[in-house]
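Trainee: I have the file open now. Could we go through it together, beginning with the aromatic residues?

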Amino acid sequence: MVDVCSAGKAGGELDLVPPPPPPIPPNVKPEVLISPKYSITTRSGTGTNGRRIQLLANHFKVTVKAPDAVFYQYSVHITAEDKRAVEGKGIGRKLVDRLFQTYSSELAGKKFAYDGEKALYTVGPLPQNKLEFTVVLEETFAKSETVSPSEGTEKRSRRTLQSKTFTVELSYAAKIPLKSIALALKGANVDNTQDALRVLDIILRQQAANMGCLLVRQSFFHDDSRNFTDVGAGVIGVRGFHSSFRPTQGGLSLNMDVSTTMILTPGPVIDFLIANQGVREPRYIDWVKAKRMLKNMRIKTRHRNMEFKIIGISEKACNLQYFPMKLKTGDGASEGETADITVFEYFSKHCGIELTYSQYLPCLDVGKPKRPNYLPVELCALVSLQRYTKALSSQQRASLVEKSRQKPQDKIRTVTDAVCKYQYDSDPVLTTCGISIEKQLTQFEGRVLDTPKLKIGNSEDCTPFKGRWNFNNKTLLKPTRIDRWVVVNFSARCDTSQISRDLINCGRKKGILIERPFTLLEEEPQCRRQSPVVRVEKMFEQIQTKLPSPPDFILCVLPEKKNSDIYGPWKKRTLSDFGIVTQCISPSKLNDQYLTNLLLKINSKLGGINSLLALEHSSRVPLIKDTPTMILGMDVSHGSPGRSDVPSVAAVVGSRSWPLISRYRAAVRTQSPKVEMIDALYKPLANGKDDGIIRELLVDFFKTSNGRKPTQIIVFRDGVSESQFNQVLNIELDQIVKAYQHLGEANIPKFTVIVAQKNHHTKLFQTNSPDNVPPGTVVDTKIVHPRNYDFYMCAQAGMIGTSRPAHYHVLLDEIGFSPDDLQNLIHSLSYVYQRSTTAISIVAPICYAHLAAAQVGQFMKFEDLSDTSSGKGSITSSESIPVQELPRLHEKVQGSMFFC
């Protein structure tokens, strides 16, 4: 936990506090503004609106027949013969398994659950609080040993290495009663419920580890090629299962879901490298890239059936890479004498292995930093179930989504079969607790909320059907006008003249008057080989030469549809340096649907309005219509997997022009990598001013809402886990309050704080239909938390795969919404997303914050930073790490919905 007063400090510099207030006259008692500290609210009731619907969820009821059982936690400390501490999950599990086999009687025959690291749990106590054991482990493969090629000449020998002795120390740490779960299920606020649930989850993980699965948090993946799907570039998607115990209103349940992770394609290393780099032959492999990709990967050798970890790659080819080989004393050599020999020569002369293509390629180094051990590539194969943690390309992601999605009925069958097949409740530790798991999904009643009506052009009513609507033969509610605009073309294959004509014609149908473009600018062919920044600069030189003054709008044609390296420099130049609204396109085909979607975005960016909620249009939104209310959407975007050095980007959008709830302004800042709590909401400077995000949004609200200040603020927060809910209230909300007070306000607004989660594992199904649940489905009973105020909502129409509902957690509700009013507001906020004509899966302010973070984050080229491994998870709050600041938006576009 950080000091919230210093949470806004950027970089490693110390921010000075504002100047002291004037002295207080005598006999005057000062009024002290104390920031309230908040606690998570409890459920106040359930909603009643909507038609009833019978549903199923992938929760399996759990019965506990020994609720008085107590878990005893022991700390595990393992040391080797040289007294050094032993780290590593693989060795830890082997040692603890061997320990309980060898010393079963000394441990009173106890069964155990071990997390693979430092914690071990038993039901009831071990005979003593502190126990020390000697455990002997015989390794039959050289996983942690360094064996040079010269130490053995027999082909395919499978040797038992020397036995190793370890000391395992168990020390009593804590008591965790299972009863805490039963109390939590009754709605009590019990401290160690999470501890007890974590022990049950560790039991599931141990069971999966014993089956040889790859473990990724609470998901496990079997080495079964039937679950593999190739996504390209040497990467395989492997289907597995997520399983975790959850307290719900209906009792304890096991949440079981299909899960997918990425692994490297097992098999010959050379085949993987060819596929990964997209080359035709081994001679084209980039070995610098290969070294980065293969580091720390495990391989098995063909000639000796031994397992090694790759630490690097040889500097020279196999037939030129020498190493000192120990000479046998029987051949006239003295003890310890060596002779230099190439790796190729060693394998052909001493192992009888004729190497083919790999003699001209570098070797894999599987030794230690100062004792290399070289192996020819053609003798090495990647072992299975090794995680691929780098970011997927857009093609790989599309392939994965396409191949891994399942229809609702298939998903039901898959998870039900898994619960029956794996027989979790047969685990000896769970059996000791009397835990049994039902084999069918939980059934309950949900509700389908009425679809909100929309207002479009000519004050027409529009009623979405199944979460969708369109603008066929309709006009936009408030179309804009585009007078001075240009088209710039970075793509040699596009006819910009045709694009501009089609856009003008489609705009006329939607009510947008678009004049002919001032000019069409083509990139000069000689610029295409230059860097993206130079290409953008050259294009702007053309714009400034051809136009007497800056245009109002630029349509930019890019050469690639996704991940164009021109996008970031272009957006920075237009939005930060010149303040010009821009729309990037890379059309594969131009039809009316494509152009309409394009115009929805352009109209929103230029200040127009595509549609409004009918309630919003007539200022009848409950609890908002009479009281100035600001809606905030907050999100933090982290660097891609495998990049712990890339700054995180925090974005907050705030509603403007109250009583509207469809118009937003964004503010974006960078912060320390992997930090989840936003640290720039309130940022006092040395001169007494506040340079934080919230001040910017509050001032904008005041200016666009007829001089009204918000007396209610609704905060939607994305991307935080349940363990971080208290930090959202007591760090982020505290900063928002301070920003409000800094503007000279004594009366703090009422707050409603809601966390929205999409990365959870609860799925909803209809009992009497193979289709996805209808849009507007809401669930606030049976599968929700027994105490906290949460509910599931599926606002979107699920057309393919199985819909994932949004999981909303109400942390605070000072405004005092009824459950129906809050659920209807959240449902309505899924229909105000100006970029599309469909209800979206999560409220629009959160989607806007995500878009703003992604777009402004492109302003800076973070790829130049060093390539380091990913940090583990997200950090709660920032440490004093200097972070490169983002350029601010130009004042001409600060208030626009540039992110649309």
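Mentor: Let us begin with Phe899, which is buried, with a relative accessible area of 1%. Please bear in mind throughout that this is a predicted model.

Trainee: And Phe898, buried or exposed?

Mentor: Phe898 has a relative accessibility of 2%, so it counts as buried.

Trainee: What about the aromatic pairs, how many are there in total?

Mentor: The count comes to 21 aromatic pairs. In one of them, the rings of Phe220 and Tyr422 have centres 6.0 Å apart and planes at 85°, so this pair is edge-to-face.

Trainee: Where do Phe220 and Tyr422 lie in the chain?

Mentor: Phe220 belongs to strand β9 (residues 219–221) and Tyr422 to helix α8 (residues 408–422). Phe220 and Tyr422 are both buried.

Trainee: How are the rings of Phe898 and Phe899 arranged?

Mentor: Their planes stand at 75° and their centres are 5.3 Å apart, so Phe898 and Phe899 also form an edge-to-face pair. Both residues belong to one aromatic cluster, together with Tyr664, Tyr833 and Tyr848.

Trainee: Which charged residues sit over rings?

Mentor: Two examples can be given. The charged end of Arg484 is placed over the ring of Phe518, 5.2 Å from the ring centre. Arg573 lies over the face of Phe540, and here the distance to the ring centre is 5.8 Å.

Trainee: Changing topic: where is Ser564?

Mentor: Ser564 is in the loop that runs between β30 (553–557) and α12 (567–578).

Trainee: Why does Ser564 count as buried?

Mentor: Its relative accessibility is 7%, and buried means under 20%, so Ser564 counts as buried.

Trainee: What does its side chain touch?

Mentor: The Ser564 side chain makes a polar contact with the side chain of Glu560, at 3.1 Å. If neighbours within four places in sequence are left aside, Ser564 is in contact with Leu558 and Pro559.

Trainee: Let us turn to the strands. Which partners does β2 have?

Mentor: Strand β2 (residues 59–64) pairs with strand β12 (residues 251–264) in the antiparallel sense, over three bridges. His59 has Asn255 of β12 as its bridge partner. β2 also pairs with strand β22 (residues 435–437), again antiparallel and over three bridges. In that pairing, Val64 stands opposite Ile435.

Trainee: And helix α4, how many of its residues are buried?

Mentor: Seven of the nine residues in α4 (residues 269–277) are buried, so the helix is mostly covered. The buried residues are Val269, Ile270, Phe272, Leu273, Ile274, Asn276 and Gln277.

Trainee: What do those buried residues pack against?

Mentor: They pack against β12, β13 (267–268), α5 (287–294), β14 (298–301), β19 (362–365) and β21 (380–382). After α4 comes Gly278, which has a positive phi, near 65°.

Trainee: Finally, the overall picture. How many helices and strands are there?

Mentor: The protein has 18 helices and 41 strands. Of its 900 residues, 54% are buried. The accessible surface is about 40500 Å², and carbon and sulfur atoms account for 49% of that surface.

Trainee: What share of the contacts join residues at least 24 apart?

Mentor: That share is 74%, among contacts between residues at least 6 apart in sequence.

Notes: Residues numbered from 1 in each chain as written. Predicted model: local features only at pLDDT ≥ 70, side-chain atom pairs only at ≥ 80, totals over all residues. Heavy atoms only, no water. Helix = DSSP H or I, 4+ residues; strand = E, 2+ residues; numbered from the N terminus. Buried < 20%, exposed > 50% of the residue type's maximum accessible area, 1.4 Å probe, protein only. Polar contact = N/O pair within 3.5 Å; in protein donor to acceptor, adjacent residues only side chain to side chain. Contact = heavy atoms within 4.5 Å. Phe/Tyr/Trp six-rings, centres within 6.5 Å; stacked < 30°, edge-to-face > 60°. Lys NZ or Arg CZ within 6 Å of the ring centre and 35° of its normal. Areas by Shrake-Rupley, 256 points an atom, 1.4 Å probe, with all protein chains shown as cover. Pairing = 2+ DSSP bridges.
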